[in-house]
Amino acid sequence: MNINPLHAIDFYKTDHRRQYPQGTTEVYANFTPRSGRLAKVLDSDDVSVIFFGLQYFIQDYLIDCWNENFFKQDKQKVISAYKRRMDNSLGVGAIPTNHIEALHDLGYLPLRIKALPEGSKVDIGIPLLTVVNTHPDFFWLTNYIESVMSTYLWKPITSATTAFQYKKLLTRYALKTGTSLDFVPLQCHDFSFRGLSGIQDGIISGSAHLTSFYGTDTVLAIDLLENYYHADVTKEIVGVSVPATEHSVMAMGLQDGELETFRRLIEDLYPSGIISIVSDTWDFWKVVTEYTAILKEKILNRDGKVVLRPDSGDPVKIICGDEKALPYTPENKGAIQCLWEIFGGTMTPQGYKMLDSHIGLIYGDSITLDRASQILSKLEEKGFASGNVVFGIGSYTYQYVTRDNFGFAVKATSGVVNHQRRNIFKNPKTDNGVKKSAKGLLRVEQEGDRFVLYEEQTEAQEKQGVLDTVFLNGKLIKSHSLAEIRQRICELSFCPTENYL
């Protein structure tokens, strides 16, 4: 669908131009995470977000969409389309078109966006960006793009933040149990594409996952990062995957031929490298305890790893078992313990068991940050290193979120009316303080490892600080590469950069 940028709004935006006081020539706004009350984080005393997605929004929407679907289109065609939509929804003549005609004549979007570097870790209440009109006739544009800016940005920021939380969790347990930090970027694999709310949601959320990890099944996420974030798969690892089966493949081989399907996969089709095999089409515990024992020598003699993928049940119990339950069955031992009894392995320097490198396990059904934490904790209790499991991260993680998880909002805080600057704000008496906005022109400084907001700044002060101009009058002014973003995030999660890039 070709998006008409004039229509990428809520209807009430159409006439705010006339509702502002007469003489208004500037509207200055910011985009800020306001609340962490619904945040899914490891440490409740460290609620922050990872900033990601602005560069895509600027290039895909503010530049490409506006240029191709507005500025390069015939003027009368775009005006007629706008008038048709407004007349038939709000009433004939309810919304004038002279301001739209003037914008088309101008030929570019007269806006300035200043932002923090993407990949930054930003506390709640600190603006990620500010936006202001650069031409006095188009003050109405600043908040005209509010809705589309919000819908483009809240999800990739939330997904990048969630991925960072997984990375931080995995790094903690890797350091604790002796798993190589080189393995962490591969330990969460994006399974979410089919479970997200539309193709763009899947692509941008999948790209956000790759700011902290390498593993993905979302092919289009790699395309986005190459197209918009200077990534290059021929020069760096952007996203990787492995051959893997699905239930239709296993079922087509029939239940009584399942062992032969396993044998064909690991001997004939994939005699080397990693192969991931979904293993619960019928009886997962039979696969774990019988088939692997039968195929043990074949697996150990392969140049690569056979990865079993359970896909149903309680992931904590499937992986870790329940040793308090009797009798001591495979189900109560858990998959990792069962595989250890068959294949053995090594001990890490910290004294934890690591499965033989030829066998592994990935679980990707209904994984959440809390469940991942439980699994790693229980594995540690049983004496197993965190690197014995890979998590498939799907829609239970990346779809069960809203804009309210971090309370994202665009709010105007300053403006100019009749050549006089006004510092404006909202502070609802009926609210608990979350919706109280900043006031006036804003400046953000980096002090130590945190960003600090200064309100009610002079125009000279607003030009200072760490909010840099990234978009100006229809052009991208400053950009960040995926490598730069990953490096910032890597430093935050205590992962040695040289091992990650």
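Because the model is predicted, local features need pLDDT of at least 70 and side-chain atom pairs count only at pLDDT 80 or more, whereas totals for chains, interfaces and linings use all residues. Residues are numbered from 1 along each chain as its sequence is written, and side-chain values use heavy atoms, with hydrogens and water left out.

The C-alpha trace of the protein chain spans about 80 × 50 × 45 Å along its principal axes, and its secondary structure comprises 20 helices and 18 strands, taken as DSSP runs (helices, H or I, at least four residues; strands, E, at least two) and numbered from the N terminus. Of the 501 residues in the chain, 53% are buried, that is, under 20% relative accessible area with a 1.4 Å probe and protein chains only. Among contacts (heavy atoms within 4.5 Å) between residues at least 6 apart in sequence, 75% join residues at least 24 apart.

When neighbours within four places in sequence are left aside, Glu462 is in contact with Tyr28, Lys114, Thr130, Leu441, Leu442 and Gln457. With one of these residues, Tyr28, the side chain of Glu462 forms a polar contact of 3.3 Å, a term that denotes a pair of N or O atoms within 3.5 Å, of which, within protein, one must be able to donate a hydrogen and the other to accept it, residues adjacent in sequence counting only if both atoms are side-chain atoms.

Methods:
Buried means under 20% relative accessible area, exposed over 50%, partly exposed in between (1.4 Å probe, protein chains only).
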